[in-house]
Amino acid sequence: MKKKVLAVLLGGCMVAGLVAGCGSKDDGKATDGGDSGEGGGYHFEVVVKSFQSTYWQAAITGVDEKAEELGVTVNKTGPNAESDIADQVQMLNNAINQNPDGIALAANSQDAVLEALQTALDKEIPVVCFDTGVPDAPEGSVIATIATDNEAAGAVAAENMYEVIKDTIANATEQVRIGEVNQDATSANISGRGMGFINKMKELIEADGKTVAVVGNQYYVDQVENNGDEASADVIIEVAVPAQTTVELSSTEASNIMTKKDTIAIFGSNQVTAEGVLTANQNLSVLAATPEEGVVGVGFDAGATLKAAVADGTLIGAVTQAPVDQGSLAIQALYDYCEGNEVKDIATDSYWYDAENMEEDDIAPNLYD
Amino acid sequence: MANKSVTKTAGTNKSFIDRMGGQKFIVLLIVIAMFIFFCAMSPQFRKYTTVVSILDYSYYIALMAIGVAFPLMTGGVDLSIGTGLICYSLIGGYLVVHQGWPTGAGMVVSILLGVAFGVINGCLVALMDLPPFLATLCTCMITRGFGSLIVGGFGIPWPTAAAPGGWFRSIFKIKMGGQNIPIGFLWIIILVIIMTFVLNHTKMGRYTLAIGSNKEATRLSGVNVKFYHIMAYVICGFFTGLAAIAYSAIFATVQPGSGAGFELDAIGGAIIGGVSMTGGVGSITGTLAGVFVICLLKTGLPFIGLTANWQQIITGIVLIISVLIDILKREKEAK
């Protein structure tokens, strides 16, 4: 009896699969028809890094808004976590098998998607990469890359922090220290951001006639050009990387820097490390609006905790990327390509937000919870 | 073999207590030595705020470790505690933050979810004879997905200390005269005393050890092995629920998808503290001491300027040494 039920169920699944398969083919034809007709009605597949994170929910908001505006349909998928690389590759392959008019991809691994991108190229499906580029993609498969300029984003944080601490640095009689906590030393996004902050801060301080030494994590220190001498420098930039990407370990690294007497400011370069700075502050209570009162804190990205800390002045501000813009621009690029227009790579802006401007119209939508 | 299990389960045998007391004592000495070492090496480390931080981050690991010591002592393991902790905290917090439930109700839900998953784990292992490693790996995945599903992928910020409903944060830390007092440690000590009593002086505890020593012999002596085997996982689930509350109280936001790897800190702590991976041996006080070895490493190594790679290498080596000690000890016994 049980076996029979199972057989019926399995049979049912197969029939359903067939019907679904046919259905999607029909859809494909319908959209193809739409092509030549009014120039709308395309169907795009969107594969994000993780469906379970608020950052990506914000990106999907941008996708949906643009899709509605342009009159195209989109199907959105993504794995549970950004570390689920194999799952994402499978989702990408499924997306290719739907024969869409285009695919928007935020790749979790720059290597694992190469084969799928080749398949997409063979089937002449255009791919737009957003958030993260795929540098080694087969020639012609990726028509455009839309990503945050992470170096510039780090520099935005440095510029805004320097405004607040420059007088203290100018008047300091002893060495002062600026901390930076980076989640890792492996991903292109984080290291770009970390180096962007270091280089801009170094440039600003040196322009005002002071010397800088960058110390701490070897990966970052090695990339600094003309690094100063730790013993004699006026300003030390100390870079820390936690052993694991948890708030707890980020907070331990942050505490270590924040308890040093000469520390005047600290930067957490993503949501986890910025929350680490805030968690450390729960016990230390050193974060303040000016270096005279304590340590000046700057964060990155958003989330309810970070937003609350910026709103109440615990952090002087933070930098947010533009996930909504990225989602929207990815769909626009696919649409333009299908319409026969030229598309180009776009480096999206990052925004500085603080208690003053976080409610403004161009900032608020990018501050996800 | 049967003989050995009898002496172990008796709990009153002198040499057994001596030996366990010995191991606990050594671990405690190591904790003190590590603390002195880090204090000597780093001026930032020897501050009151650092001690408070270490205690803050120890509560959830200690609670998970007390819980997971029970499945470990039956010869099993519970790998679902890390993602489970996040799952229970997410769902409890979701009810508080988004559904307007009182904080207390959200906390009770966290604990009940822990107990429920404990029952599931226990049934899979004790009734359906799934290998504990496999069964709890599956529930590990289930809890990870389940938590994210309920909250829709959004991080959950439990109420802050100053906000309405934020009273629960003062369970673990109160402010007195501008200083943070880590009173959570007091609750941990009380729980350790209670669970030590449960382990050594109740049927529950003694049968847990007996199952780990020789399940078949325990069954033949008329013990309802299945029930007590399930209960070991239920205790683990209950303490994971408590750990979820501790985690929510210490950290500002609970992120879906995190939690994997927390279980290794707890299991590592229990093993350093003398809980045998093959079951039948263990103590709660030793487990707590072992947890502090892990916590001191996690906090101390960054403070003495060791970078991430070195921290991981050293933590790995410490774990290998403690497991080796466990193996050597048992080989010596077998002779």
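**View 1. How many of the six residues of strand S8 (residues 235–240) of chain A are buried?** Six of the six, so to speak: S8 of chain A is mostly covered. Here, buried is a matter of counting: 20 or more other C-beta atoms lie within 10 Å of the residue's own, while 12 or fewer makes it exposed and anything in between partly exposed, with C-beta atoms placed from the backbone. Strands (E, at least two residues) and helices (H or I, at least four) are DSSP runs numbered from the N terminus. What you see is a predicted model, where local features need pLDDT of at least 70, side-chain atom pairs count only at pLDDT 80 or more, and totals for chains, interfaces and linings use all residues. Residues are numbered from 1 along each chain as its sequence is written, and chains are lettered from A and ligands numbered from 1 in the order in which they are written.

**View 2. Both faces of S8(A) are covered.** In a regular strand, side chains alternate between the two faces of the sheet. On one side of S8(A) sit Val235(A), Ile237(A) and Val239(A), and on the other Ile236(A), Glu238(A) and Ala240(A), all of them buried.

**View 3. S8(A) pairs with S6(A) and with S7(A).** Strands pair if DSSP finds at least two bridges between them. Strand S6 (residues 176–181) of chain A runs parallel to S8(A), joined by six bridges. Strand S7 (residues 212–216) of chain A is parallel to S8(A) too, with five bridges. Look for Ile236(A): Arg177(A) stands opposite it, and Ala213(A) has it as bridge partner.

**View 4. Chain A meets chain B.** The contact takes 31 residues from chain A and 29 residues from chain B, where contact puts two C-beta atoms, placed from the backbone, within 7 Å. On chain A's side, helices H2 (54–70), H8 (247–258), H9 (271–284) and H10 (304–311) each give two or more residues. H8(A) gives the most, with seven.

**View 5. Chain A is split into two domains.** The bounds come from an automatic or database domain assignment, which gives domain 1 (42–148 + 322–350) and domain 2 (150–320). Their C-alpha centres lie 32 Å apart. Four residues of domain 1 of chain A are in contact with eight residues of domain 2 of chain A.

**View 6. Chain B has 13 helices and four strands.** Its C-alpha trace spans about 60 × 45 × 35 Å along its principal axes. Of the 335 residues of chain B, 53% count as buried.
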